[in-house]
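This briefing is for a reader new to the structure. Please look over the sequence and the model, then read the points below.

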Amino acid sequence: MNKRIILCTVLALCSCTAALAQSAQWAVAPVYKSVERILPSVFKITTKANKVGATTTEGEIVIDTIADAVTVSLNSYVCAVNKEKKRMKLLAVIDESGKAMELNEELYTDALPRFGNGRLLAKNKKNKYGYLTTDGAFAVSDEAANEAKALSKSKGKKNEQDVVEVDFATDEPEVFVEEKRKKKRYGYKIGENIVLPPQFVSAEPFSGGYAIAGTESGMGVLKLTPKTFTCKQTKAIMDAGMENTVYTSSVPENAEAVLRMKCVDSTGMTFECEGQKKGNDMLFELSSFKERRTFSVIATDTKGSLVLWSSDFDKKEEAKEKPKAKTKTKAKSKKKKK
């Protein structure tokens, strides 16, 4: 009975605690085998079937995942090709802003395509060589034919892909890791403020407001949102071993997102409830046994789910258990000495 009174007092004192952090959402759904940033505003995406494409930082597909390869030139032009015997069919060309170039005819290359001095060596269906310019125009020329002959003698080394490095100096959220039950999960934080709780199987640093992260379902791209996210416990009442708790959280900036509360208890049982909107807030009311559990606020939209906030109930319980384990070990060692 005394323990119960003490616990009620602690809950009452903690009823106004809140978590505050910048928020994020999926810009590119986490469904890909790999994601690579090849230009400041363009990501290369690869499916599990090893087909590649490209998307902008806003998740707009500019090259469908139907290509065998996507290459990039130092002057910021991306090309998608499919291999056809000894040649490659040019499927699409996009610039650094993510805008696709309209090609006037079917074009092919002998090696991985790249632009140089504003033009790309290619050939048409009749195997006539010419240059594709950045405006999408193609013209057959003797100069292009001579260059193709020279390249064939040098085994096409000049047409190899250039390495493009995308680097941003930033003070954006950093990656941190948490290990629980021998599983590592990665999250993001700024200083002591957690932006996204540990939930990713892999995570890269944010650059220019975007970060590549992986879940069990695949790789995707996260986008920071300027609006902060909060979750606050406003009421906790105990009754016959049960807790009735009301949580209040802010609504994310992404209008498509739906917030829901998830609870996992000590037995591993999971249950969820959707919040009720009240102004700019979302209210969640949960009833559960007071045994070990974690609470999470999850945002779901058309691109995927993100845990925006998670309670630290498990951490508190683990901290209580550690001293007990040490005491038992000491007791056993004393018996052995006797």
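Helix α2 covers residues 142–153, and at 1.5 Å a residue its 12 residues should span 16 Å; the end C-alpha atoms lie 17 Å apart, which agrees. The expected span is 1.5 Å times one less than the number of residues in the helix. Helices (H or I, at least four residues) and strands (E, at least two) are DSSP runs, numbered from the N terminus.

The model is predicted: local features need pLDDT of at least 70, side-chain atom pairs count only at pLDDT 80 or more, and totals for chains, interfaces and linings use all residues. Residues are numbered from 1 along each chain as its sequence is written, and side-chain values use heavy atoms, with hydrogens and water left out.

**Helix α2**

- A144, A148 and L151 are the buried residues of α2, where buried means under 20% relative accessible area, exposed over 50%, and partly exposed in between (1.4 Å probe, protein chains only).
- These residues cover an arc of only 65° around the axis, which puts them on the same side of α2; the arc is that of the directions from the helix axis to the C-beta atoms.
- D142, K149 and K153 are exposed residues on the face of α2 turned away from its buried side.
- The cover over the buried residues of α2 includes β11 (119–123) and β12 (129–133), with contact meaning heavy atoms within 4.5 Å.

**The open sheet**

- An open sheet is formed by 4 strands in the order β2-β3-β4-β5, with antiparallel pairing; two strands pair if DSSP finds at least two bridges between them.
- At the edges stand β2 (34–39) and β5 (61–67), each with a single partner strand, so one side of each has no neighbour in the sheet.
- From one strand to the next, the twist averages 25°; axes are lines fitted to C-alpha atoms, for helices over the stretch in contact, and angles run from 0 to 180 degrees between N-to-C directions.
- Strand β2 and strand β3 (residues 42–46) run antiparallel and are joined by 5 bridges; R37 has F43 in β3 as its bridge partner.

**Strand β21 and its partners**

- Strand β21 (residues 258–265) runs antiparallel to strand β25 (residues 293–301), and 8 bridges join them.
- V258 has T300 in β25 as its bridge partner.
- Strand β22 (residues 270–274) is also antiparallel to β21, through 5 bridges, and C273 in β22 stands opposite M261.
- A hairpin is formed by β21 and β22 with 4 residues between them, and G268 in its turn has a positive phi of about 90°.

**Aromatic pairs**

- There are 6 aromatic pairs in the structure; rings of Phe, Tyr and Trp (its six-membered ring) pair if their centres lie within 6.5 Å, and planes under 30 degrees apart count as stacked, over 60 as edge-to-face and the rest as tilted.
- The ring centres of Y188 and F206 are 4.8 Å apart and the planes are at 70°, so this pair is edge-to-face.
- This pair links distant parts of the chain, 18 residues apart: Y188 is in strand β15 (residues 183–190), and F206 is in the loop between β17 (202–203) and β18 (210–215).
- Y188 counts as buried at 0% relative accessibility, and F206 counts as buried at 1%.
- The rings of Y247 and W309 form a tilted pair, because their centres are 5.7 Å apart and their planes are at 50°.
- Y247 in strand β20 (residues 242–250) and W309 in strand β26 (residues 304–310) are 62 residues apart, so to speak of distant parts of the chain; both Y247 and W309 are buried.
- One aromatic cluster is made up of W26, Y188, F200 and F206.
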